[in-house]
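I opened my notebook to get to know a new structure, one look-up at a time. Here is what I wrote down along the way.

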Amino acid sequence: MKFLLPVCCLAVFAQPTVWAAEWKAAMGRGKITPEGSIWMSGYAARTRPSEGVLQDLWVKALALEDPKGRRVVFVTSDLIGFPRRITDAVAAQALKQYGLERAQLVFNSSHTHSGPVVRPNLETMYDLPPEQWAKIDRYGQQLTETILTMIGGALGQLAPAKVTYHEGKATFAINRRQASAKGVVLGSNPGGPIDHSVPVLRVTDLNGKLLGAMFGYSCHNTTLTGEFYQIAGDYAGYAQAEFERAHPGTVGMFLMLGGGDQNPSPRSKLELAAQHGKALAVATEEAMAQPGLALSGDLRVAFQMVDLPLAPHSREDFEKELSDPNKYKVRRAKEMLKAYDAKLPVRKVAYPVQAIRLGKLATYVPLGGELVVDYVLQTKAAFPKERIVVAGYSNDVMCYISNKRILQEGGYEAVDSMIYYGMPGPFAPDVEDVLTASIRRVLARVGVKP
Ligand SMILES: [Zn+2]
């Protein structure tokens, strides 16, 4: 069939590079299963190191390059949380070796509680013998090297690709902040805020061959409890394995979103981790079966550190805490008094805030810490014209990130968890205003306006 071009379109052919230009993508993975027995992270009650491996652990990468050659690499992991000690080290090397700026790298952790301790994340939780710390330090070193190699591998394989955005739904997450006579406890709060959406980025080559997908969910990766001593990726590990079984040779990547105050339900049995993983994999498949929106336009990235304010405290608070019957409080008090001695009492938390705008397709907002779901819901509601994917557990996991409501209500996320994270106490109530303003700032920098 022959057709005539309207005159206005001729300009397109005068700029063949613009017309022909397209996005490139590559995906890869590296195994990070610890060798031998190692102390597992996430539960204070464990009394011994790991006993065998149920599932391998992985770091995975999705590298994207826009038509102008600008790049971003998403790195996800089956780990409790990436601390800055590791992300800063990888980012420094990635700048040297691959020319990637900090804003071009995202590090997200699935928050499995059946993986190794990653130092210094949750360090106050453990009182380990020196040989265990040495193992953990060696593991951290190897991890850094594996991630760097994987990033380099993905960049080296960048090739023209089609990236589409889809959204599915999985319903196993519940709000876990249950009101009780003793205040808010960890349990089940069916009326509390949740977000069951499953945002999916699907990647194929130009012939339609599937390379993989990155799917997200807002739910603690804690189907398995502290009685479990085998290395495993929990529901997120099962979901990724299920995806890769269904599509051999591809990469299934899990992105943890705002799971801070969300738990899988029901939980505590191995078969439930498999069941939830299957549910998430099915949600991803169903989403991908729908026609998706295709990626076009430019990549824009922004990254900044902001100071989140902590509630006031005094030296006397921690001198008193030294005689507390709770050994974790005593450990925390010692650390805080050291900081006072050094004239550097901990008053604020350095916090990474990032925005990755994938053309007109979607904007990812990776945020640090164990982010409660309210921030996901509020950010999406504040930018109704944009597709926004807010992901906590990114770039640094230094503590829970509460908001005004949760700080008022109290409970584990607001108060008790801060002990294990070696923080002096809860955040100040204006933490929500500071964080919300910084999210708006990075979004404005990538051109996203309310
Ligand atoms: Zn957690």
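Predicted model: local features only at pLDDT ≥ 70, side-chain atom pairs only at ≥ 80, totals over all residues.

**A loop with a proline**

I began with P120, which lies in the loop between strand 4 (105-109) and helix 4. I looked at the peptide bond that joins R119 and P120 and found it cis, with omega about 5°. As a reminder to myself, most peptide bonds are trans.

**Another loop, two entries**

Next I went to the loop between strand 12 and helix 6 (270-289), the place of P266. The peptide bond from S265 to P266 is cis as well, and its omega is near -5°.

S268 is found in the loop between strand 12 and helix 6 too. I noted that its phi is positive, near 90°, in a residue other than glycine. Is S268 buried or exposed, or something in between? S268 counts as partly exposed, because it has 14 C-beta neighbours inside 10 Å, and the partly exposed class lies between the buried cut-off of 20 or more and the exposed cut-off of 12 or fewer.

**Helix 5**

I then looked up D234, which is found in helix 5. Phi of D234 is positive, near 60°, and D234 is not a glycine. D234 is buried, because 32 other C-beta atoms lie within 10 Å.

Q240 has its place in helix 5 (residues 234-246). Why is Q240 called buried? Q240 has 29 other C-beta atoms within 10 Å, and 20 or more make a residue buried. Leaving aside neighbours within four places in sequence, I found Q240 in contact with G233, G252, M253 and F254. I also checked Q240 against K360, 120 residues apart along the chain: their C-alpha atoms are separated by 27 Å.

**Helix 3 against helix 4**

Back to helix 4, this time for its packing. Helix 3 (residues 84-98) and helix 4 (residues 130-156) pack at an angle of about 40°, and their axes are 10 Å apart. Their crossing is right-handed. Which residues make the contact? From helix 3 I listed I86, A89, V90, Q93, A94, Q97 and Y98. From helix 4 I listed G140, L143, T144, I147, L148, I151, G152 and L155. Sorted by kind, the residues of the contact of helix 3 with helix 4 come out as ten nonpolar, five polar and no charged.

I followed the pairs one by one. Strand 15 (residues 348-358) and strand 16 (residues 362-366) run antiparallel and are joined by three bridges. I356 stands opposite Y364 in strand 16. Strand 16 and strand 18 pair in the parallel sense, over four bridges. Here V365 stands opposite V390 in strand 18.

D307 counts as exposed, because it has 12 C-beta neighbours inside 10 Å. Not counting residues up to four places away in sequence, D307 touches K348 and A350. D307 and A350 are 43 residues apart along the chain, yet their C-alpha atoms are separated by 4.8 Å.

In helix 9 I marked V373, D374, Y375, V376 and T379 as buried. What covers them includes strand 12 (262-264), strand 17 (370-371), helix 10 (404-409) and helix 12.

**Last entry: domains**

How is the protein chain divided? I found domain 1 (20-298 + 375-385) and domain 2 (311-345). Their centres, taken over C-alpha atoms, are separated by 34 Å.

Methods:
Residues numbered from 1 in each chain as written. Pairing = 2+ DSSP bridges. Domains from an automatic or database assignment. Axes fitted to C-alpha atoms, helices over the stretch in contact; angles between N-to-C directions. Left-handed = near helix turned anticlockwise from the far one by under 90°. Contact = placed C-beta atoms within 7 Å. Nonpolar A, V, L, I, M, F, W, Y, C, P; charged D, E, K, R; others polar.
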